[in-house]
There are 2 protein chains.
Amino acid sequence: MIKLTSAEENYLKAVYHLSEEGKKNVSTNDISAEMKTKPASVSDMLRKLSDKKVIDYRKYYGVNITDEGKKYALQVIRKHRLWEVFLVEKLRFAWDEVHEVAEELEHIKSPILIQRLDEFLGHPKFDPHGDPIPDEFGDVKARPRLPLNVLALNDGGQIVAVKDSSAAFLRYLDKVGAYIGARVKVLDKVEFDGSLEILVDNKKTLFMSKDVAENILVLQQ
Amino acid sequence: MIKLTSAEENYLKAVYHLSEEGKKNVSTNDISAEMKTKPASVSDMLRKLSDKKVIDYRKYYGVNITDEGKKYALQVIRKHRLWEVFLVEKLRFAWDEVHEVAEELEHIKSPILIQRLDEFLGHPKFDPHGDPIPDEFGDVKARPRLPLNVLALNDGGQIVAVKDSSAAFLRYLDKVGAYIGARVKVLDKVEFDGSLEILVDNKKTLFMSKDVAENILVLQQ
DNA sequence: ATATTTTTTTAGTATTGCCTAAACAATATT
DNA sequence: AATATTGTTTAGGCAATACTAAAAAAATAT
């Protein structure tokens, strides 16, 4: 069991996130942009993380997270997301106000605390942004991408892609605030024409035709 | 608004606690013992806290906390104790297992978080050890000391003193685990002879005569 | 193929918070 | 009063994490 400092955990998390989507050899500059530190600081930290065997690091060639590293990153992400659920569901934070506080809470070191928090929250599978919460073994529930119109009434999800990427369609999405990453929930389905009433980002409702909904892909929750 | 690091907050808290009971000119060695650091480290830190005007410090003569310092110390204590209540009441921690985790949680910097946590917990006035929780202005509820036998059924408190301090009486208290600092709760009162059934430290029950109970002073909660 | 630009690393510095060893101040002992 | 003891501070160092400036390597352009 390696010990990681909070700073090390943050860098490891950044490497993990930048490695997603199968990206290989994450660059020093990318990490520096993500972490808002200078590349020189990143180089320092990469050597340390490499010594602790949570990343594979070849100078000038970028880094890849190891299996061991992934485990640590996922536990930090688990903690972050559980705290976000707590803040939103128990302390009535808005879902877009929780990140910074969770960023601090995620570094509290107490396995029993997280286990109990998970229980207390009823073992949630997704955080308030719709991102999946890894379980204690680091397993994340894979979610299918579905067109928005196939969700059942009151089901929700997060917009992750669009099928139609014409300028007109994107302009429309922009206008109504249905960006990639937005959280949506089906409030009503009109049987007659398949049109929908949607709650966007827990803030505003929006009516959309079936044609539009078919072109919005969501990760279901 | 000064900013204090976690380490500074911890030292300030130590100075505050050591200053209680009207003790003046807290010594470097006392702080070093409390903080489990070396006296040399304490000297370093005292200079920093003095620069930030949260303590009055004259070399070789010990320190006194300033009014400003007291405010900061009380806010940290408030956070610590609110988190303890959370851990015990919501996450089912035993009341003697919460200190270390609360020691980390107390340094999370988010005023709104604490305000909401306080609300969520129903504005508790005492932590699981029976210590009072300062309000957002730093005011602490003064609690009357009462003989244990005058508490009502199901009322609880913390033993803070004894009236009779004979060896025989202290030996008895020692035997039954009713030390100064122990948390007690009245489980039953026998009308006939005024004897009591008491829960000690949430762990074991104990029968005591009215004579004994009259000599145990508790801070009511 | 060489020159230029970009990226990355190294070297050296600062700050925080701790340490040890040595110096200094206050107090107790003879 | 002189000395021994205890308590406190200073000096100098170390580890972590950041920085800037400069050097080195890699990538790109001419």
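Tutor: The part in question brings 20 residues of chain B into contact with 20 residues of chain A, where contact means heavy atoms within 4.5 Å. The model is predicted, so local features need pLDDT of at least 70 and side-chain atom pairs count only at pLDDT 80 or more, while totals for chains, interfaces and linings use all residues. Residues are numbered from 1 along each chain as its sequence is written, chains are lettered from A and ligands numbered from 1 in the order in which they are written, and side-chain values use heavy atoms, with hydrogens and water left out.

Of the interface residues of chain B, 100% are also interface residues in chain A, so the copies meet through the same surface. About 1,800 Å² is buried between chain B and chain A, and carbon and sulfur atoms give 69% of that area. Buried area here is the accessible area (1.4 Å probe) that two parts lose on being put together, summed over both.

The relation between the copies comes next. Two copies of a chain are related by a rotation about an axis and a shift along it.

Side chains of opposite charge can pair when their charged atoms come close. The rule finds two salt bridges across the interface of chain B and chain A, a salt bridge being a side-chain nitrogen of Lys or Arg within 4 Å of a carboxyl oxygen of Asp or Glu. A:Arg92 forms a salt bridge with B:Glu119, and their closest N and O atoms are 2.6 Å apart.

On the side of chain B that touches chain A, the elements that give two or more residues are helix H4 (67-89), helix H5 (99-105) and helix H6 (111-120) of chain B. H6(B) gives the largest share of that side, six residues. Helices (H or I, at least four residues) and strands (E, at least two) are DSSP runs, numbered from the N terminus.

In chain A, A:Arg78 pairs with A:Asp118, the closest N and O atoms being 3.3 Å apart. A:Arg78 lies in helix H4 and A:Asp118 in helix H6 (residues 111-120) of chain A, so the pair ties together parts that are 40 residues apart in sequence. A:Arg78 counts as buried at 6% relative accessibility, and A:Asp118 is buried with a relative accessible area of 9%. The classes are buried under 20% relative accessible area, exposed over 50% and partly exposed in between (1.4 Å probe, protein chains only).

In chain B, B:Lys13 forms a salt bridge with B:Glu103, with 2.7 Å between the closest N and O atoms. B:Lys13 belongs to helix H1 (residues 6-19) and B:Glu103 to helix H5 of chain B, so this pair ties together parts that are 90 residues apart in sequence. B:Lys13 is buried, with a relative accessible area of 9%, whereas B:Glu103 is partly exposed, with 24%.

H1(A) is mostly covered, with 11 of its 14 residues buried; among them are A:Glu8, A:Tyr11, A:Lys13 and A:Leu18. What covers the buried residues of H1(A) includes helix H4 (67-89) and helix H5 (99-105) of chain A. Just after H1(A), A:Glu21 takes a positive phi of about 60°.
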